Amino acid sequence: MTLHQYVGALIVQHDSLLLGQRSPTRSFYPSVWDIFGGHVEPGEQPEQTLIRELREELGIVPTEWMHVETFVESVPEHDEETRYDVYLVLAWSAKPVNRQLEEHTTIEWFSLSRARQLELAHPAYPQLFAHALGLAHRSSDAISKK
């Protein structure tokens, strides 16, 4: 069985999520809103992919993150399995800038209610967004109590 590995980043600041609208020229999921990330390269660990992809796509380096979810999708007729590791990114260096217009035509911050109204790349995103924002609130509460 062939395994394809991907990493995704839920970038959260205050009560907002940073999402990118995929380019209409993309072969998979054109023009929909998505989280940032990409393929795990051979010999690379998922957290290395997270750092590399966010640097390439947004010009940021994550400094605080946690793994929040793993999605596994099987395609038995092609003997393939796809694994998506999703990380909640709470802190980073620099200001996010859309550095790869061929990937995303635009990037934007969204509240949970606005994000739920978008055409999203995956049906599990609204629930995942709510979970990530809850974790972000608990993390910031724990930090502020120290």
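Before going on, some ground rules. This is a predicted model, in which local features need pLDDT of at least 70 and side-chain atom pairs count only at pLDDT 80 or more, while totals for chains, interfaces and linings use all residues. Residues are numbered from 1 along each chain as its sequence is written, and side-chain values use heavy atoms, with hydrogens and water left out.

Back to Asp85. This residue sits in strand β6, residues 80–93. Helices (H or I, at least four residues) and strands (E, at least two) are DSSP runs, numbered from the N terminus. Is Asp85 buried or exposed? Asp85 counts as buried because its relative accessibility is 2%. The cut-offs are under 20% relative accessible area for buried, over 50% for exposed, and partly exposed in between, with a 1.4 Å probe and protein chains only. Not counting residues up to four places away in sequence, Asp85 touches Gln5, Tyr6, Val7, Gly8, Pro46, His67, Glu69 and Thr70. Contact means heavy atoms within 4.5 Å.

Next, the largest pocket. Its volume is about 800 Å³. Of the 31 residues lining this pocket, Tyr6, Arg22, Tyr29, Asp34 and Tyr84 are the closest to its centre. On a 1 Å grid over the protein atoms alone, a pocket is an open set of points where a 1.4 Å probe fits, with protein on both sides within 12 Å along at least five of seven lines; lining residues have an atom within 4 Å of a point. Grid points are joined across faces, edges and corners, and the volume is the space filled by probe spheres set on the points. At least two lining residues come from each of β1 (2–13), β4 (36–39), α1 (46–58), β5 (61–75) and β6.

Now the nonpolar cores. A nonpolar core is a set of buried Ala, Val, Leu, Ile, Met, Phe, Trp, Tyr and Cys residues joined through side-chain atoms within 4.5 Å. Which residues of the largest one touch the most other members? Among its 23 residues, they are Leu10, Leu19, Leu88 and Phe129. β1, β2 (16–22), β5, β6 and α3 (125–144) each give this core at least two residues. The largest share, seven residues, is from α3. Apart from this core lies another, of 14 residues, including Ile11, Val40, Leu54 and Ile60.

Helix α1 also holds Arg52. Arg52 counts as buried, because its relative accessibility is 17%. Leaving aside neighbours within four places in sequence, Arg52 is in contact with His39, Glu41 and Glu44.

The C-alpha atoms of Thr2 and Asp79 are 77 residues apart along the chain but separated by 6.4 Å.

Last, two loop residues. His14 lies in the loop between β1 and β2, and has a positive phi of about 55 degrees although it is not a glycine. His14 counts as exposed, at 70% relative accessibility. Ser31, in the loop between β2 and β3 (33–34), has a positive phi of about 70 degrees, and is not a glycine either.
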